[in-house]
Amino acid sequence: MQVIEPVAVILQEFSEQDRQALADLINRFAHQEIDPERHLTAWEAPETLGLLPCRTLSPGQ
């Protein structure tokens, strides 16, 4: 976590479009990963790094 938090702060300065493009790139590599643990880590990376927009649930969801 010592590395992730500062990186996540820096990534918040990117435009939403750039954050989405980086998340898409990470996901592309995640789909190619054959090691199950690394695949999961890569798949979760965009959310961990705060690249995905925050979604709030409406009542009833």
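Of the 61 residues of the protein, 16% are classed as buried, that is, under 20% relative accessible area with a 1.4 Å probe and protein chains only. The structure is a predicted model, in which local features require pLDDT of at least 70 and side-chain atom pairs pLDDT 80 or more, whereas totals for chains, interfaces and linings use all residues. Residues are numbered from 1 along each chain as its sequence is written, and side-chain values use heavy atoms, without hydrogens and water. The accessible surface, computed by the Shrake-Rupley method with a 1.4 Å probe, amounts to about 5,300 Å², and carbon and sulfur atoms contribute 57% of it.

The secondary structure consists of 3 helices and 0 strands, arranged along the sequence as α-α-α; helices are DSSP runs of H or I with at least four residues, strands are E runs of at least two, and both are numbered from the N terminus. Helix α3 covers residues 36–48 and spans 18 Å from its first C-alpha to its last, close to the 18 Å expected at 1.5 Å a residue, the expected span being 1.5 Å times one less than the number of residues. At the start of α3, a side-chain oxygen of Asp35 lies within 3.1 Å of the backbone nitrogen of Glu37. Gly50, which follows α3, has a positive phi near 75°.

The largest nonpolar core comprises 6 residues, namely Leu11, Ala23, Ile26, Ala45, Leu49 and Leu51; such a core is a set of buried Ala, Val, Leu, Ile, Met, Phe, Trp, Tyr and Cys residues joined through side-chain atoms within 4.5 Å. Beyond its neighbours within four places in sequence, Leu51 is in contact (heavy atoms within 4.5 Å) with Leu11, Arg19, Leu22, Ala23, Ile26 and Pro46.

Note on methods. Buried means under 20% relative accessible area, exposed over 50%, partly exposed in between (1.4 Å probe, protein chains only). A polar contact is a pair of N or O atoms within 3.5 Å; within protein, one must be able to donate a hydrogen and the other to accept it, and residues adjacent in sequence count only if both atoms are side-chain atoms.
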